[in-house]
Amino acid sequence: MSERHVVVGAGPVGRAVARELVRRGAGDVVLVSRSGAGEEVEGARRVALDLGGAGSAEGLTALCAGAEVVYNAANPPSYDVWGTWWPPVAQALSAAAQHSGAVLATASCLYPYAVDGTPMVEGRPDDASGAKGRLRAAMTADAMAAHRAGRARAVEVRGSDYLGPGVSQAHVPVVVPRALRGRAVRVFGDPDALHSFTDVRDMATALVTAATTPAAHGRVWHAPTNPPVSQAEAVAGVCRAAGVAPVRVRSWPRAMLTLGGTVVPFLREMRETVGQFEQPYVLDSAASEAALSLSPTPWAEVLRATAEQGGAVRQPVH
């Protein structure tokens with residue numbers, strides 16, 4: 001793999017994709033972020049580009065010239081600006097890929113699916129009713145329409161809530177530091193409802209594999225993901241992996257989203273997605289595992305890496 005690869009977004013997913021590309025021997029890995037600063041990825045070079053700024057579309061097109069793949073691992077600067085931030089950024093990414101002839105490989109989420117408690121399988125319709133789900137579904141539809149029309153090469157990989165190295169702000173990792181200090185924690189939704197968690201490294205492996213496998217283009221895949229556990233089980237597993245006794249896991253009152261949402265934008269936006277944590281939210285990745293010869297990172301290693309991210313790891317508690 002000697003081609004040039006441009007990774008847009010230097011969060012946990014973007015950095016994991018860059019590491020996977022370096023591991024596979026990519027000749028030129030460009031990691032794009034707003035500031036161009038932050039955690040270095042050995043073998044990749046960081047470039048500054050503010051996707052929401054003036055001239056970002058032209059800058060992105062120039063940056064992607066000669067690239068084999070453009071990876072969309074970007075994220076809006078805050079949860080409450082999705083509706084205004086994503087449309088022009090998605091259009092700029094699509095235009096850059098089409099202009100350069102690069103594959104557009106998008107790291108996405110499960111928001112486009114309706115939350116009804118049934119397993120989410122590949123090929124399921126994008127039928128979400130919420131604004132964020134409809135927005136991500138429209139991005140997918142636009143990319144796949146361009147692929148079918150021959151204007152672009154596109155592929156998308158969806159994962160559930162992330163665990164693993166570099167992940168600190170997702171729903172479980174954000175409470176891990178407190179749990180590792182032996183203190184009770186609160187989570188959104190039902191702590192005992194089954195939920196799928198995707199290791200960020202498995203998203204990276206799946207995205208790079210799908211992007212560099214022409215037969216995989218033109219559709220949505222799921223990142224290989226372990227069987228679901230509850231949020232309470234995930235927190236307990238991380239504690240044990242760190243050599244700490246499990247702590248109590250309780251739920252934030254639903255009313256907090258109603259009342260707090262009047263003054264806190266993040267809580268207001270959470271009203272739309274909290275249903276993902278109030279009933280089973282299960283990702284089925286059997287199709288991608290079989291077609292792309294993938295498998296999820298062993299669950300014990302996912303827990304260990306998440307514990308290491310959140311604090312010092314001692315001897316596991318059995």
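In strand 4, Val70 is the bridge partner of Val6; strands here are DSSP E runs of at least two residues, and helices are H or I runs of at least four, both numbered from the N terminus. Strand 1 (residues 4-8) and strand 4 pair in the parallel sense over four bridges, where pairing takes at least two DSSP bridges. This is a predicted model, with local features needing pLDDT of at least 70 and side-chain atom pairs counted only at pLDDT 80 or more, while totals for chains, interfaces and linings use all residues. Residues are numbered from 1 along each chain as its sequence is written, and side-chain values use heavy atoms, with hydrogens and water left out.

- Seven strands make an open sheet with parallel pairing, in the order 3-2-1-4-5-6-11.
- Its edges are strand 3 (44-48) and strand 11 (220-222), each pairing on one side only.
- Neighbouring strands are turned by 20° against each other on average, direction ignored; axes are lines fitted to C-alpha atoms (for helices over the stretch in contact), and angles run from 0 to 180 degrees between N-to-C directions.
- Strand 4 also runs parallel to strand 5, joined to it by four bridges, and Tyr71 stands opposite Ala105 in strand 5.
- Val69 and Tyr71 point one way from strand 4, Val70 and Asn72 the other, and all are buried (under 20% relative accessible area, 1.4 Å probe, protein chains only).

**Helix 4 and Ser288**
- Helix 4 packs on the sheet and touches strand 4 (69-72), strand 5, strand 6 and strand 11, its direction making about 150° with that of strand 6; contact means heavy atoms within 4.5 Å.
- Ser288 sits in helix 10 (residues 286-291) and is buried, at 0% relative accessible area.
- Leaving out residues up to four places away in sequence, Ser288 touches Glu122, Trp221, His222, Pro224, Ser293 and Leu294.

**The second largest pocket**
- This pocket has a volume of about 350 Å³, the space filled by probe spheres set on grid points joined across faces, edges and corners.
- A pocket is an open set of points on a 1 Å grid over the protein atoms alone, where a 1.4 Å probe fits, with protein on both sides within 12 Å along at least five of seven lines; lining residues have an atom within 4 Å of a point.
- The lining has 25 residues, with Ala90, Ser94, Met139, Asp142 and Ala143 nearest the centre.
- Helix 4 gives the most to this lining, with nine residues.

How values were computed:
Buried < 20%, exposed > 50% of the residue type's maximum accessible area, 1.4 Å probe, protein only.
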